[in-house]
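Subject: Structure handover

Hello,

Here is the structure for you to look through. My notes on what was found follow below it.

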Amino acid sequence: MRYLSLLIALFFIQPAIAEQAVPPVESSAMNNQRLQTLIEGIATDIEGNPGYWRFNIENFPVSIITDEKANRMRIIIPIVEVGVMDAEQLTRLMQANFDSALDARYSIAKDILWSTFIHPLSALSDQQFIDGLAQTVNLAATYGSSYSSGALIFRGGDSQGEQDKYYRAIVERDSSI
């Protein structure tokens, strides 16, 4: 029952709060300036500049990288060196990518396992960014346990994850933007 209440809050109540809390955008297309405003409303320890930001959420090092010309945005969080993972863990990651990772994904680059969220920049809404950030942090946080982005789990997969404090904490932060 608590999961049902949380889902109702996340998908019906929270978007209305975000729309009221975030100042209106002159253009409907997302850009670095708008992302800067959103990031400043969520984090306090921001490093970098438009196009590449670094900050921490719940002790997770978050990087956001954009390319306005290529119309791309990505949120990435390093999780663990690939060398310490075994075949069973790799299989579990692929299962999670099917049903419990949702919009965030596990990926491997430069011998590191990452939690990632990738989206076309101009089509990204404020709510999609906030939700993508929350899912990315939650996916990193649940590595080794539920392997869940914390939003939903599609039936038919192998995951038995549950929602946890990281998803809720990030989604609730947007009200201070």
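Contact here means heavy atoms within 4.5 Å. Axes are lines fitted to C-alpha atoms, for helices over the stretch in contact, and angles run from 0 to 180 degrees between N-to-C directions. Helices (H or I, at least four residues) and strands (E, at least two) are DSSP runs, numbered from the N terminus. This is a predicted model: local features need pLDDT of at least 70, side-chain atom pairs count only at pLDDT 80 or more, and totals for chains, interfaces and linings use all residues. Residues are numbered from 1 along each chain as its sequence is written, and side-chain values use heavy atoms, without hydrogens and water.

Helix α3 lies across β5 and β6 (112-120), at about 135° to β5. These strands belong to an open sheet of 6 strands with antiparallel pairing, in the order β1-β2-β3-β4-β6-β5. Two strands pair if DSSP finds at least two bridges between them. At the edges are β1 (47-49) and β5 (105-109), each pairing on one side only. From one strand to the next, the twist averages 30°. Between β1 and β2 (residues 52-57) there are 3 bridges, and N49 stands opposite Y52 in β2.

Leaving aside neighbours within four places in sequence, I64 is in contact with residues including I39, F55 and F129.

Regards
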